[in-house]
Amino acid sequence: MGKPTGFLEYERKESVGEAPLKRIKHFNEFHTPLSRKEQEIQGARCMNCGVPFCQSGILIKGMVTGCPLNNLIPEWNDATYNGNWDEAFYRLRKTNPFPEFTGRVCPHPCEVGCTCNLNGDPINIKEKELSIIERAYERGLAKPEPPAARTGKKVAVIGSGPSGLSVAYYLNMRGHSVTVYERSDRVGGLLMYGIPNMKLEKEYIDRKVNIMKEEGVVFKTNVNVGVDVKAQELKKEYDAIVLCCGASNPRDLKVPGRKSKGIYFAVDYLKAATKSLLESNFADKNYIDAKGKNVMVIGGGDTGNDCVGTSIRLGCKSLIQLEMMPKLPDERQPDNPWPEWPRVCKTDYGQEEAIAVFGKDPRVYQTTVKEFIANEKGEVCKAKLVKLESKFDKKAGRNIMAEVAGSEYEVAVDLVLIAAGFLGSQSYVTKAFGVKTNERTNVQTEVGSYKTNVENVFVAGDMHRGQSLVVWAIREGRDCAREVDLSLMGYSNL
């Protein structure tokens with residue numbers, strides 16, 4: 001373990017973020033990493049528990065605690081505390097092929113599971129993970145390592161998001177010839193266009209993808225499988241196909257006025273902003289401009305927060321973020337003990353920036369849109385909102401959020417961004433391959449398996465499990481790769 005008394009001697013320390021009013025002037029990452037010495041001291045806090053929940057990745061009441069990748073967290077904490085950063089990288093690489101991504105965007109359920117939560121603050125695992133991989137790049141350790149031999153088997157991976165990249169990484173490492181098809185113009189899927197640059201600068205995706213190319217993975221962009229390339233052609237050419245197309249059907253709102261101009265899905269808004277930033281630093285004007293507009297974000301999750309941060313950077317006039325559910329408590333409640341996921345109110349970077357700019361939290365709880373009102377040009381100019389309350393619905397047999405009679409009110413709005421989650425996979429892909437889907441339109445498999453009803457066709461990631469975390473997508477890709485390998489070779493060393 002790091003140091004037997006480390007958790008008693010040292011307080012948790014985190015990297016310092018740039019002040020909100022400064023960081024909203026750019027789209028770059030805005031945290032200054034801790035020094036190497038400070039990181040080593042943070043490693044001393046790890047107790048190497050007899051039962052390390054940090055690496056468990058288990059579900060408790062439907063919420064994960066601990067790392068779904070089962071990262072060997074106590075081992076790299078001990079290694080860094082003793083100054084053995086190279087060994088920490090080798091241990092990290094055993095379970096996670098993309099720590100440069102998870103170290104930036106994962107909410108780190110590992111810290112939720114840390115035993116130090118019982119009487120204090122958890123180990124600073126997220127920043128440790130990121131510092132280990134970035135130092136490995138600096139020292140030339142995170143270099144291309146092509147397989148020593150090829151198996152002669154060919155695999156097509158459809159989609160280059162985190163699950164697709166994970167499948168490709170492991171199957172290529174095994175020696176299979178892997179080709180990744182991506183319908184967009186850049187590799188990365190959700191990582192590239194679903195997560196803003198200030199959370200994940202795209203150079204880090206390109207850096208890893210270039211390494212994978214040197215290791216032998218082939219990437220084909222601007223190829224929409226099911227449209228540009230027929231599924232039957234791929235079935236003839238490849239020994240196995242893995243569908244990793246994500247849960248890319250955004251949930252819509254069915255209210256009067258929805259077809260008014262100025263109402264967009266969050267995923268389209270974020271993609272346009274990132275694409276314009278990368279290609280011209282917004283000079284091409286090929287994005288949805290929020291400058292001088294009253295913006296409404298519908299949805300209180302991570303995507304909604306990203307819309308808040310992006311809108312502020314693009315110069316919005318005002319901002320409101322709607323959340324249907326009640327505000328969570330600021331501290332853990334007795335019925336939500338460790339190691340459960342803490343159901344507490346979280347103020348993320350976007351909300352911090354809105355508070356700094358507008359003087360108040362943009363979130364409005366227990367509220368939804370009842371109607372959009374358009375002007376004579378068909379452009380949204382107002383939204384009629386209504387308050388909600390929890391009521392038991394006898395027909396549904398559960399509590400639902402019901403409208404409060406007489407609580408309607410109107411707000412001025414010029415730009416609406418719907419960040420209400422995703423409903424599942426897109427039908428043109430599932431129909432092209434003939435795979436069965438469940439009631440949520442996720443691709444159906446047997447429990448614990450990634451093989452679909454179609455011979456030699458597998459599935460992984462959000463397309464399989466529904467909208468989830470990047471770390472779960474990577475885990476699904478890892479497990480799916482092993483099943484594909486078993487199918488192709490009769491055994492697997494993955």
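Biologist: Where is Pro-339 found?

Modeller: Start with the labels. Helices (H or I, at least four residues) and strands (E, at least two) are DSSP runs, numbered from the N terminus. Here, Pro-339 is found in the loop between β11 (318–323) and α15 (349–358). A cis peptide bond joins Trp-338 to Pro-339, with omega at about 5°.

Biologist: What kind of model is this?

Modeller: It is a predicted model: local features need pLDDT of at least 70, side-chain atom pairs count only at pLDDT 80 or more, and totals for chains, interfaces and linings use all residues. Residues are numbered from 1 along each chain as its sequence is written, and side-chain values use heavy atoms, with hydrogens and water left out.

Biologist: How many helices and strands does the chain have?

Modeller: There are 18 helices and 18 strands.

Biologist: What radius of gyration would a compact globule have with 494 residues?

Modeller: First the rule. The radius is taken over C-alpha atoms, and the globule rule is 2.2 Å times the number of residues to the power 0.38. For 494 residues that puts a compact globule near 23 Å, and the chain agrees, because its own value is 23 Å. Along the principal axes, the C-alpha atoms fill a box of roughly 65 × 65 × 55 Å.

Biologist: What share of the residues of the chain counts as buried?

Modeller: Go by relative accessible area. Buried means under 20%, exposed means over 50%, and partly exposed is in between (1.4 Å probe, protein chains only). Of the 494 residues, 51% count as buried. Total area is another reading. Accessible areas come from the Shrake-Rupley method with a 1.4 Å probe; for residues, only the protein chains shown count as cover. The chain comes to about 22,400 Å², and carbon and sulfur atoms own 50% of that.

Biologist: Which strands pair with β5 in the parallel sense?

Modeller: Count bridges. Two strands pair if DSSP finds at least two bridges between them. Strand β5 (residues 154–158) pairs in the parallel sense with β6 (residues 177–181) over 5 bridges. With β8 (residues 240–243), β5 pairs in the parallel sense over 4 bridges. Take some partners. Ile-158 bridges to Tyr-181 in β6. Val-157 bridges to Val-242 in β8. Val-155 stands opposite Ala-240 in β8.

Biologist: Is β5 mostly covered or mostly exposed?

Modeller: Mostly covered. In β5, 4 of the 5 residues are buried.

Biologist: Which residues point one way from β8, and which the other way?

Modeller: Ala-240 and Val-242 point one way, Ile-241 and Leu-243 the other, and all are buried. β8 also pairs with β18 in the parallel sense, over 3 bridges. There, Ile-241 has Val-457 of β18 as its bridge partner.

Biologist: How many residues has α9, and what span does it reach?

Modeller: The expected span of a helix is 1.5 Å times one less than its number of residues. α9 has 13 residues and reaches 18 Å from first C-alpha to last, close to the 18 Å expected.

Biologist: How many of the residues of α9 are buried?

Modeller: A general idea comes first. An α-helix has 3.6 residues a turn, so residues three or four places apart point the same way. In α9, 12 of the 13 residues are buried. Among them are Leu-165, Tyr-169 and Arg-174. After α9 comes Gly-175, with a positive phi near 115°.

Biologist: Which residue other than glycine has a positive phi near 55°?

Modeller: Asn-281 does. Asn-281 lies in the loop between α13 (266–280) and β10 (294–298). At 57% relative accessibility, Asn-281 counts as exposed. Asn-48 is not a glycine, yet has a positive phi of about 45°. Its loop runs between α3 (36–44) and β3 (58–60). Asn-48 counts as partly exposed, because its relative accessibility is 39%.

Biologist: With which residues is Thr-437 in contact, leaving aside its neighbours within four places in sequence?

Modeller: Contact means heavy atoms within 4.5 Å. For Thr-437 the residues are Ser-425, Thr-430, Asn-442, Val-443 and Gln-444. Thr-437 is found in the loop between α16 (427–433) and β18 (457–459). With a relative accessible area of 33%, Thr-437 is partly exposed.
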